[in-house]
Amino acid sequence: MTGPGAVGQGEAKAGPLVSLEDATFAAQGKLIVQGVTIPFEEGKTTALVGPSGGGKSTVLKLAAGLIVPTDGVVRFRGSDISLMTRAKTLAFRKESAFVFQDSALWANQNLRQILELPLKTHFPEMGKKDLDARVAEVLALVGYRKDVDIRPSQLSMGEQKLIAFARALVCKPRLLFLDEWTESLDDTAARRLVSLVKRKQAEGTTVIYVSHNLGIIRDTAHHICMIVDGRLSLSVTAEEFANNGNLSKTIEKGIAL
Amino acid sequence: MLKKLGATVNDKISASVYTIGFFGKTIRGLGRFFYHNRTSTKILIMQILFTFVEALGISSLLAMGIGAAVNVLGLPILTSFSQQKLIYPLLITIITRELGPLLTAFIIIARSATAIATEVAGMVVSHEIEAYISVGVDPIEHIAVPRFIGVTLSLFLLNIYFSIFGLAGSFLIVQILNPTPAADYFNNLLATLRISDILVSLIKSLVFGMILAVVATVQGFSVERASTEIPQAGLRAVGSAFAWCITADIVISALYYMLSAGGAA
């Protein structure tokens, strides 16, 4: 069998799947994230919450290895992401996927090409038939039923988000990074994505996401980390969040800001 | 004042080191592009189409204009002291060796360097580059390398086209000023043309192509997050590419004259 169905899912090891260790990130002389340490356990879902502009998306990008910390370390299965060899980096990318807040679909490619690129990168042996089948499968999964030979500019923001989700899921990742993933979606599409994420959780996928939606956080997160002014101000389990009134109020207040 | 000057010099040195490193990574990515990459070929084809094919019109006009100017201005002066045969080395020196590669580079800077810098900058701002990284695609190999090959190859071909069109086009002007049989005109040109003229011209076109492709992509990648940085990246690419191409032109021409003088001695 070729394609993502045949992916070796990586051996389970003790310790967190991804961890930020005293990670700091500065850009243009400004500290955006300061000394954040979060272990992200394998198979668990972590919600990053907090006020807008507080550094949640930057923490998510640090965890995904999209940006390199100016200080501290980000590890995947114990290895420093910034020091990984090319082969290890490629294996990490094959196992993980990122959904961007603004979808970030490649404007100069049509939807089919957008969905095929990750497959061609990680499964070069896949033929056209396999590619077509996997693209159709993942589009059905996210509920997109329109033409795939059009460019992203011809889609609504909500449809772009669906395609961004499809791109993230096309290689069947075991680690999902989602940035404001239900933003700009209508209720039906949002519900579909929430149930999709729940299905991925049930399959053992590790999910790390940024959201302001309290309902979704209550519904899906095992762990909640609040980021305020670039620092980790609170880290609680879903049980603590549900049972401790003071903690709940603090987080709800932080989300509302 | 001194502190500010020092900081500026430091920034310039850092930027130059980064550009050299970027060039190194691009060269390293060439091998992977040819042997492993089956997704960026379309970008390469589109780059050649835009940089070479679509620039043929403006290149023809400019080549013909330069050829005409050399003839119109040079021929009467040379004829006045019976040295009209010197028009051939003059044409080859100006069109093939000196102005041809530089003007071709200027055409490509104005068209493609700005286009590449603004396109890449737009991709950075809209997080498309991060999206490439997230799916395991190296942006240098996928974005920079096909543009590097496309621009360098296009400048190389466009320079040859410019030389041929400039020299052949000027023949039409010669017919008005001083009618000459085509066989005489082209035989004289070929007799004057030296291998070293062709080599210098080709070397310049390759060097200019590499310079402006790297400068344009580096400037595109250098933006942070604001959309207002996109046109600024285009402007910086034009300024830097002009400066680097002119500097490289001076260095190559100086080396050529030094080696020629050494050879003659």
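Which residue stands opposite A:L20 in β2(A)? The residue is A:I38. The model is predicted, so local features require pLDDT of at least 70 and side-chain atom pairs count only at pLDDT 80 or more, whereas totals for chains, interfaces and linings use all residues. Residues are numbered from 1 along each chain as its sequence is written, chains are lettered from A and ligands numbered from 1 in the order in which they are written, and side-chain values use heavy atoms, with hydrogens and water left out.

In chain A, an open sheet of four strands has the order β2-β1-β4-β5, with antiparallel pairing. Strands β2 (30–40) and β5 (79–80) of chain A lie at the edges with a single partner strand each, so one side of each lacks a neighbour in the sheet. Strands (E, at least two residues) and helices (H or I, at least four residues) are DSSP runs, numbered from the N terminus, and two strands pair if DSSP finds at least two bridges between them. Strand β1 (residues 18–27) of chain A is joined to β2(A) by seven bridges, and the two run antiparallel. Helix α1 (residues 56–63) of chain A packs on the sheet and touches β1, β2 and β4 (71–76) of chain A; its direction makes about 125 degrees with that of β1(A). Contact means heavy atoms within 4.5 Å. Axes are lines fitted to C-alpha atoms, for helices over the stretch in contact, and angles run from 0 to 180 degrees between N-to-C directions.

Strand β8 (residues 206–210) of chain A is largely enclosed by the rest of the structure, because five of its five residues are buried. Buried means under 20% relative accessible area (1.4 Å probe, protein chains only). A:T206, A:I208 and A:V210 point one way from β8(A), while A:V207 and A:Y209 point the other way. Four bridges link β8(A) to strand β3 (residues 45–49) of chain A in parallel, and five link β8(A) to strand β7 (residues 175–179) of chain A, also in parallel. A:I208 in β8(A) stands opposite A:T46 and opposite A:F177.

In chain B, B:Q219 belongs to helix α8 (residues 195–221) and is buried, with a relative accessible area of 14%. Not counting residues up to four places away in sequence, B:Q219 touches B:A117, B:A233, B:R236, B:A237 and B:S240. B:Q219 and B:V124 are 95 residues apart in sequence and 11 Å apart in space, C-alpha to C-alpha.

Terms used. Buried means under 20% relative accessible area, exposed over 50%, partly exposed in between (1.4 Å probe, protein chains only).
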